[in-house]
Amino acid sequence: MNSGRRAQLVAATAALLMSGLAAYAATEMLSGTLAGTVASPESFAPIEDTQARSAAIFTELGKVLTHPRCVNCHPAGDHPHQGDSGRLHQPPVSRGADGHGLETMRCGTCHQSANFNPARVPGHPQWRLAPREMAWEGKTIAEICAQLKDPARNGGRTPEEIAHHIADDSLVGWAWKPGYGREPAPGTQKEAGALVEAWVRTGAACPN
Ligand code: HEC
Ligand code: HEC
């Protein structure tokens with residue numbers, strides 16, 4: 001190949017790469033802005049029927065509940081998931097008897113009391129897997145809604161206590177400050193709290 005032809009090829013490859021990168025950046029930014037916010041409870045005021053309004057508010061809250069920051073810790077089965085794609089946790093770990101892992105592989109061995117950004121390891125003093133009956137992975141918003149209202153599957157909580165848990169629990173709050181390399185859950189914990197409180201106030205109706 002002569003040098004002119006090679007230079008052309010290099011330039012063409014570079015151009016292709018750049019356009020690919022630009023497209024990638026654009027989709028990332030777009031999904032960021034769409035996924036990154038939640039609507040306020042007030043924005044549902046035009047829905048006159050209270051039950052329909054309540055269900056619509058829960059559907060909005062669903063953007064948070066089905067986000068990988070929550071679902072990775074509320075998986076179906078015994079293994080946590082990782083990252084924005086929700087891949088299976090590496091190394092393989094299991095919930096164990098108390099959600100803190102097997103005797104030989106405790107969550108706290110790697111997950112310290114705070115995020116450790118240099119190694120991308122998330123942290124919190126209570127780091128553990130949500131109990132099996134609180135699994136959200138693979139469920140529809142309607143199914144998660146019914147489950148959240150069921151004391152047998154929500155840790156014996158009233159709807160008011162669920163609202164309080166989402167608005168104030170610090171392990172839930174980790175999802176909005178997940179550390180380096182992870183997308184935070186949409187909106188803020190305060191906004192999620194306002195949505196779930198409005199949902200309860202309007203009768204805690206579930207979407208179909
Ligand atoms: C041997 C070390 C180790 C052990 C033990 C461990 N983890 Fe992890 N975990 C990691 C590392 C490292 C990451 C970050 C991986 C990444 O995102 O690059 C991680 C990430 C996670 C995430 C992903 C957070 C997110 O949304 O991206 C969850 C959830 C998680 N671990 C739960 C657990 C639970 C629950 C246990 C105990 C049952 C546990 N881990 C035990 C090392 C460990
Ligand atoms: C590090 C793991 C972890 C993460 C991340 C996590 N949870 Fe949980 N979650 C748990 C554990 C453990 C419990 C059980 C605690 C209890 O019942 O007191 C739980 C219980 C709950 C409950 C009450 C029981 C139920 O399912 O009705 C709600 C509501 C909840 N989590 C919401 C969330 C939301 C919303 C997010 C994301 C914004 C989230 N969680 C992220 C571990 C996690």
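**Entry 1: ligand 1**

I began with the make-up of the shell around ligand 1: 11 nonpolar, 7 polar and 5 charged residues. I note here that the model is predicted.

Next I asked which residues come nearest to ligand 1. Out of 23 residues around this ligand, they are Asn72, Pro80, Gly101, Cys107 and Cys110. I then looked up the elements behind the shell. Helix H3 (68-71) and helix H4 (107-110) are the ones that give two or more residues. H4 has the largest share, with 3 residues.

**Entry 2: ligand 2**

I repeated the search for ligand 2. There are 23 residues around this ligand, and Cys70, Cys73, Asn154, Gly155 and Ala175 come nearest. By class I find 16 nonpolar, 5 polar and 2 charged residues in the shell.

Which helices each supply at least two residues of the shell around ligand 2? I get helix H2 (50-65), H3, helix H6 (159-168) and helix H7 (170-173). The largest share is 3 residues, and H6 provides it.

**Entry 3: the core**

I turned to nonpolar packing. The largest nonpolar core holds 28 residues. Ile57, Phe58, Leu61, Ala192, Leu195, Val196 and Trp199 have the most contacts inside this core. The elements giving two or more residues to the core are H2, helix H5 (141-149), H6 and helix H8 (189-201).

Leaving out residues up to four places away in sequence, Trp199 touches Ser54, Ile57, Phe58, Leu61 and Ala204.

**Entry 4: helix H8**

How many residues of H8 are buried? I find 10 of 13, so by the cut-off of 20 or more other C-beta atoms within 10 Å this helix is mostly covered. The buried set is Gln189, Glu191, Ala192, Gly193, Ala194, Leu195, Val196, Ala198, Trp199 and Val200. Their packing partners are H2, H6 and H7.

I also checked the length of H8. From first C-alpha to last, the helix reaches 18 Å, close to the 18 Å expected at 1.5 Å a residue.

I followed the chain onward. Ala204 lies in the segment after H8. Its phi is positive too, about 50°, although Ala204 is not a glycine.

Is Ala204 buried or exposed? Ala204 has 21 C-beta neighbours inside 10 Å, so it counts as buried. Ala204 is also one of the residues that Trp199 touches.

**Entry 5: other backbone checks**

Arg120 is another residue other than glycine with a positive phi, near 60°. I located Arg120 in the loop between H4 and H5. Arg120 has 14 C-beta neighbours inside 10 Å, so I list it as partly exposed.

I then checked a peptide bond. The one from Gln90 to Pro91 is cis, with omega near -5°. Pro91 is in the loop between strand S2 (87-88) and strand S3 (101-102).

With 14 other C-beta atoms within 10 Å, Gly36 is partly exposed. I asked how far apart Gly36 and Ala185 are in space. The C-alpha to C-alpha distance is 7.1 Å, across 149 residues of sequence.

Conventions:
Residues are numbered from 1 along each chain as its sequence is written. Chains are lettered from A and ligands numbered from 1 in the order in which they are written. This is a predicted model: local features need pLDDT of at least 70, side-chain atom pairs count only at pLDDT 80 or more; totals for chains, interfaces and linings use all residues. A residue is near a molecule or strand if its C-beta atom, placed from the backbone, lies within 6 Å of it. Helices (H or I, at least four residues) and strands (E, at least two) are DSSP runs, numbered from the N terminus. Ala, Val, Leu, Ile, Met, Phe, Trp, Tyr, Cys and Pro count as nonpolar, Asp, Glu, Lys and Arg as charged, and the others, Gly among them, as polar. A nonpolar core is a set of buried Ala, Val, Leu, Ile, Met, Phe, Trp, Tyr and Cys residues joined through C-beta atoms within 7 Å. A residue is buried if 20 or more other C-beta atoms lie within 10 Å of its own, exposed if 12 or fewer, and partly exposed in between; C-beta atoms are placed from the backbone. Two residues are in contact if their C-beta atoms, placed from the backbone, lie within 7 Å. The expected span of a helix is 1.5 Å times one less than its number of residues.
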